[in-house]
Amino acid sequence: MAVLNQRVVILGGGFGGLYTALALSKLPWDKTVKPEITLVDQRDRFLFAPLLYELVTDELQTWEIAPPYTELLAGTGVKFCQSGVTSIDADANSVCLEHGDTLPYDRLVLALGGETPMDMAPGVNDYAIAFRTLDDAYALKERLRELESSDADKIRVAVVGGGYSGIELACKIAERLGERGRLRIVERGTAILQNSPEFNQKAAQSALTDKGIWIDYETTVTEVGADIIALRYKDQTDVLPVDLVLWTVGNRVNSLITDLPFERNERQQLKIQPTLQLLNQAHIFALGDLADGKDADGNTVPTTAQAALQQADYTAWNIWASLTGRPPLPFRYQHLGEMMTLGSDTATLTGLGLTLDGVTDHVVRRLTYLYRMPTFEHQLRVGLNWLSQPLRELLSVS
């Protein structure tokens, strides 16, 4: 039996939260039972994070990868509330916002994402730059402008972390700095992209070599200063001069989650059922970085944008099912492949039986991400802008 006058509150406007809200708005609600849907995020813009690298190199503009929530939610019936969240009262089924308001809920979606821990070594919080948010990208661009306008012959950059984020960022910055750039990647393990397909590892290694990027394997950071970085390899510590340190390692669950009286794992992620509902809390859903659970086939779900996008559809469906008297669907994760940018005109793709790199995959990557953007209207605006760019460049030259 359908339930009337229900309120769905979604905390976090990343891939998990925003796409859940959009999917909910499109489900076949009877007008008498459609719930009030509210999306809460402390920022005013959604961030299409896989394209954040292109913002640093001015290949893309802010409006393309970070459209306002009000624009994306226009005409959907979803309310947007720009606010931080101070606490969640699980007993009263309510959320307390920073400006003092309280949002009651009948269904709650926790999609707050994670944050980069900046306390993993002395000085990191004071002198290093993370790369997760728009503000991070702006801070990096400003620092690069300062360095580029200086009279220094060399610009020394250390990128901490040899995962996808570190590799992609290093390649973009190396291209931007050109011959002035002296980049190194600091990796704690014995290989870059340790959990990635061999094809991507080899393509990344080749790109890093071509761009003259050094890799410090089995190395940890012991300190970051205003113009130095201390690196420990085995039992030896070296202090090296550096102009910029980028921190791309670690992922910490939002601190709000640690205060909730629900089951969590050792990383403080919430334990969930395959239906994306919390254990013993059927009215609360969790997805993305803060969720820990197996899918319907017993597979561990990675904390990636690809997984959060898929979880969003199931979360929306299961909320609709719970409010309209239908059984929920257990989530089944489908690994669709991995993509990685290795510069302004080259990328790699592995998945669905394909392995591509170079210019071809650069185009495929862009088109795939264009298709994944949150609304058709935004896809159309961005797509037309990309198509017209070569013509604008030609006219500006002539």
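A crossing is called right-handed if the near helix is turned clockwise from the far one by less than a right angle, and left-handed if anticlockwise. This is a predicted model, where local features need pLDDT of at least 70, side-chain atom pairs count only at pLDDT 80 or more, and totals for chains, interfaces and linings use all residues. Residues are numbered from 1 along each chain as its sequence is written, and side-chain values use heavy atoms, with hydrogens and water left out.

Q: Which hand does the crossing of α1 and α10 have?
A: α1 passes α10 in a right-handed crossing, so the near helix is turned clockwise from the far one.

Q: Why is α1 called oblique to α10?
A: Helix α1 (residues 15-26) and helix α10 (residues 305-323) pack at an angle of about 40°, their axes 8 Å apart. Angles under 35 degrees count as roughly parallel, over 145 as roughly antiparallel and 65 to 115 as roughly perpendicular, with the rest oblique. So α1 ends up oblique to α10.

Q: Which residues of α1 meet α10?
A: They're F15, G16, Y19, T20, A23 and L24, and their partners in α10 include A305, L309 and W320. Contact here means heavy atoms within 4.5 Å.

Q: What lines the largest cavity?
A: Its lining is I272, G288, A291, D292, G293, V301, P302, T303 and Q311. Lining residues have an atom within 4 Å of a point on a 1 Å grid, and a cavity is a set of points where a 1.4 Å probe fits but cannot get out.

Technical notes:
Axes fitted to C-alpha atoms, helices over the stretch in contact; angles between N-to-C directions. Helix = DSSP H or I, 4+ residues; strand = E, 2+ residues; numbered from the N terminus. 1 Å grid on protein atoms, 1.4 Å probe; cavity = no way out; pocket = protein on both sides within 12 Å on 5 of 7 lines; lining within 4 Å.
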